[in-house]
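Please open the model in your viewer and keep the sequence panel beside it.

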Amino acid sequence: MMTIRLILAFVIAFVVAAVVGKFYVPWLRRIKAGQEIKEIGPNWHKSKAGTPTMGGIIFIAAVAAAVLTVGFRNMVHGDRGAVVVLMFSLFFGAIGFLDDFEKLKKKQNLGLSAKAKFILQLAVSVALLYLLRLDGYLEPHLYVPFWNVTVDMPEWLYFVLAAFIIVGTVNAVNLTDGLDGLAASVTIPVMVCYTAVTFWWGSRFESLGVFAAGLTGGLFGFLLYNFYPAKCFMGDTGSLFLGGAVCGMAFALDMPLILVPLGIIYIIETLSDIIQVGYFKLTHGKRVFRMAPFHHHLEMGGWTGHKWTEKHIVTLFTAITVVFAVLAFFGCADRYV
């Protein structure tokens, strides 16, 4: 029965995304909700200026439809896991929407200030942790994948670390959204891993499985409009929602450290940006990468001079995520079995 419900969540979300996108993308064009392209980006990205943004609404509507239909039975029986993760992701999506709206209003690639985004993200993170702790999904300990052990921590320290992980993960996913289809394609194996884990652990985790399967279907439907050449971008509305979903699932399953293998691409992208900025400041103008984050480095020829196409980068990053998602599954599969 659980198998059927997970498949149904995927199918419903895919169909909703495909149908919503068919009407939503032309509407975005009509209202001229086009994205401005950063001046510091690769020159050839400037041809994308005017491509509709806030396309993340497509897969947000899709996963919400899956949770509220297939997951309705779970909610009736008091299992609110999927709803908590959905609401958490929606709050992050709302922050992204405000950011996108500011960019469209100002007609430039600058939205909310970094300080405003940080404060809002921190507040949402604390709210999620409180709800998960209240519902019994979360305990003040760290589960260590692969070793199948837990490390007890003082509750205050755990929640400080957890808030840092959430804000960092959300912004790392946001940073990965720099090429057509990249963030969506990389996140699909992550959600498939979550779906497989919940299925393996059994009906106790069905609600969370419905969310993960639904978002997987929604992302596949979204790629009909976002894969190269993109008809629309997900915008911060979508990328912050995805970041919230990725770390929301990890915490709802009480294993935030699984984000290390699952989020390997997000980590690489973020580290490349940190290394680039730090090295630039230390050396007064020298660079480690041709451009950060790392996907732009590959686009511009990397260290070899070979310029990767967007499709090839998306394929490479997705393949790497698939490998690490398989490792992550085996690293935590025995936890509740």
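This is a predicted model: local features need pLDDT of at least 70, side-chain atom pairs count only at pLDDT 80 or more; totals for chains, interfaces and linings use all residues.

Begin by selecting phenylalanine 14, which, once residues up to four places away in sequence are set aside, touches Gly217, Gly218, Phe220, Gly221 and Leu224, where contact means heavy atoms within 4.5 Å. Phenylalanine 14 has its place in helix α1, residues 2-30; helices here are DSSP runs of H or I with at least four residues, strands are runs of E with at least two, and both are numbered from the N terminus. With a relative accessible area of 31%, phenylalanine 14 is partly exposed, a class that lies between buried, under 20%, and exposed, over 50%, as found with a 1.4 Å probe and protein chains only.

Residues are numbered from 1 along each chain as its sequence is written, and side-chain values use heavy atoms, with hydrogens and water left out.

**The whole chain**

Now zoom out and show the chain as a cartoon, in which 13 helices and two strands can be traced. The radius of gyration, taken over C-alpha atoms, is 19 Å, close to the 20 Å that the globule rule gives for 337 residues, so the chain is as compact as a globular protein of that length; the rule itself is 2.2 Å times the number of residues to the power 0.38. Along its principal axes, the C-alpha trace spans about 50 × 45 × 35 Å. Of the 337 residues, 54% are buried, and among contacts with a separation of 6 or more, 75% are between residues 24 or more positions apart.

Centre the view on phenylalanine 211, whose contacts, apart from neighbours within four places in sequence, are Val63, Val67, Ala82, Val85, Leu86, Ser89, Ala245 and Met249. Then move to leucine 219, which lies in helix α8 and is buried, with a relative accessible area of 0%. Leaving aside neighbours within four places in sequence, leucine 219 is in contact with Phe59, Ala184, Thr187, Ile188 and Leu242.

Next select histidine 297: is it buried or exposed? Histidine 297, found in helix α12, residues 294-299, counts as buried, at 0% relative accessibility. Phe289, Arg290, Met291, Gly302 and Trp303 are touched by histidine 297 when residues up to four places away in sequence are not counted.

Another cis peptide bond runs from tyrosine 228 to proline 229, with omega near -10 degrees, and proline 229 belongs to the loop between α8, residues 206-226, and α9, residues 235-252.

**Two residues with positive phi**

Finally, select asparagine 148, which has a positive phi of about 55 degrees although it is not a glycine. Asparagine 148 is in the loop between β1, residues 141-144, and β2, residues 149-152, and is partly exposed, with a relative accessible area of 40%. The last stop is aspartate 254, a residue other than glycine whose phi is also positive, near 60 degrees. Aspartate 254 has its place in the loop between α9 and α10, residues 259-262, and counts as buried, at 4% relative accessibility.
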